[in-house]
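Hi there,

Here is the structure I promised to pass on. Have a look at it first, and then read my notes below.

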Amino acid sequence: MHKTNRNAMTILFLTMFIVMVGFGVIMPILPFYAESLGATATHLGLLFASYSIVQFFFAPIWGDISDRVGRKPMILLGLGGFGVSFILFGLANSLWMLFAARILGGTLSAATLPTVMAYVADTTDNRSRGGGLGLMGAAMGMGMIFGPVLGGFLGEYNPALPFFVAGGLAFAVLLFAFVFLPESRTA
């Protein structure tokens with residue numbers, strides 16, 4: 001991989017890592033956080049499921065849009081939506097706000113996975129494509145490992161802190177991607 005592709009891969013790796021950290025960061029803290037806002041076990045199950053349900057429906061839509069408008073705008077949208085939704089999640093003071101933030105996060109962060117994978121396909125040749133996609137899989141796995149650890153650790157200090165940290169990390173990667181990630185699609 002040439003230097004530009006390595007730089008892009010680093011940004012894409014960070015994007016997938018942060019999104020999966022955010023997915024995992026809620027696991028140890030959400031039961032306590034939601035219960036403090038009056039959630040039942042059914043509400044908790046729906047909170048966990050709502051994110052993935054909307055991702056299931058919106059990921060193909062965002063992937064299709066990225067084919068038309070480019071990869072970079074969709075990656076930025078996904079990171080920005082993820083960041084906003086986690087900040088809103090941390091600020092939530094009622095159960096409906098948790099659901100709204102969770103659904104918003106699932107809807108907008110769904111733009112990252114298909115678009116990052118398409119970006120890798122755009123910028124790698126047949127020989128290195130498997131390695132690039134494998135690297136994105138590794139980023140996702142690492143995010144799922146570090147997310148719950150980070151959530152549990154930060155949640156000891158303040159139940160909302162993991163959400164603010166995840167949102168802040170998303171905005172940091174968004175800024176980095178905005179400045180340094182080239183568009184992979186040509187006109």
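**How the helices pack**

Let's start with α3 and helix α5 (residues 95-109): they pack at an angle of about 25 degrees, and their axes are 7 Å apart. Keep in mind that this is a predicted model. An angle under 35 degrees counts as roughly parallel, so α3 and α5 are roughly parallel to each other. Their crossing is right-handed.

Which residues make this contact? On the α3 side, they include H43, L46, L47, F48, Y51 and W62, and on the α5 side they include L95, L98, F99, R102, I103 and G105. Sorted by class, the contact of α3 with α5 has 12 nonpolar, 7 polar and 1 charged residues.

Now follow α3 to its other partner here, α4. The axes of α3 and α4 come within 8 Å and cross at roughly 150 degrees. Over 145 degrees counts as roughly antiparallel, so that is the label for α3 and α4. From α3, the contact uses Y51, W62, G63, I65, S66, D67 and V69, while α4 brings R71, P73, M74, L77 and F82. By class, that makes 8 nonpolar, 2 polar and 2 charged residues. Look out for Y51 and W62, as both are in the contact with α4 and both are in the contact with α5.

**Aromatic rings**

How many aromatic pairs does a search of the whole structure find? There are 10. One of them is F23 with Y51, a tilted pair at 5.7 Å centre to centre, with 45 degrees between the planes. F23 sits in helix α1 (residues 3-25) and Y51 in helix α3 (residues 41-69), so to speak distant parts of the chain, 28 residues apart. Are these two buried or exposed? F23 is partly exposed, with a relative accessible area of 22%, whereas Y51 counts as buried at 2% relative accessibility.

Then there is F86 with F163: their ring centres are 6.2 Å apart and their planes are at 45 degrees, so this pair is tilted. It also links distant parts of the chain, with F86 in helix α4 (residues 71-91) and F163 in helix α8 (residues 161-180), 77 residues apart. Both F86 and F163 are buried. Ring pairs also join F86 and F163 with Y33, F82 and F89 into a cluster.

Finally, find R185, in the segment after α8. R185 is partly exposed, with a relative accessible area of 36%. Leaving out residues up to four places away in sequence, R185 touches S66, D67, G70, R71 and D122. Of these, S66, D67 and R71 also take part in the contact between α3 and α4. The C-alpha atoms of R185 and G105 are separated by 26 Å, and the two residues are 80 apart along the chain.

How values were computed: Residues are numbered from 1 along each chain as its sequence is written. This is a predicted model: local features need pLDDT of at least 70, side-chain atom pairs count only at pLDDT 80 or more; totals for chains, interfaces and linings use all residues. Side-chain values use heavy atoms; hydrogens and water are left out. Rings of Phe, Tyr and Trp (its six-membered ring) pair if their centres lie within 6.5 Å; planes under 30 degrees apart count as stacked, over 60 as edge-to-face and the rest as tilted. Helices (H or I, at least four residues) and strands (E, at least two) are DSSP runs, numbered from the N terminus. Buried means under 20% relative accessible area, exposed over 50%, partly exposed in between (1.4 Å probe, protein chains only). Axes are lines fitted to C-alpha atoms, for helices over the stretch in contact, and angles run from 0 to 180 degrees between N-to-C directions. Angles under 35 degrees count as roughly parallel, over 145 as roughly antiparallel, 65 to 115 as roughly perpendicular and the rest as oblique. A crossing is left-handed if the near helix is turned anticlockwise from the far one by less than a right angle, and right-handed if clockwise. Contact means heavy atoms within 4.5 Å. Ala, Val, Leu, Ile, Met, Phe, Trp, Tyr, Cys and Pro count as nonpolar, Asp, Glu, Lys and Arg as charged, and the others, Gly among them, as polar.
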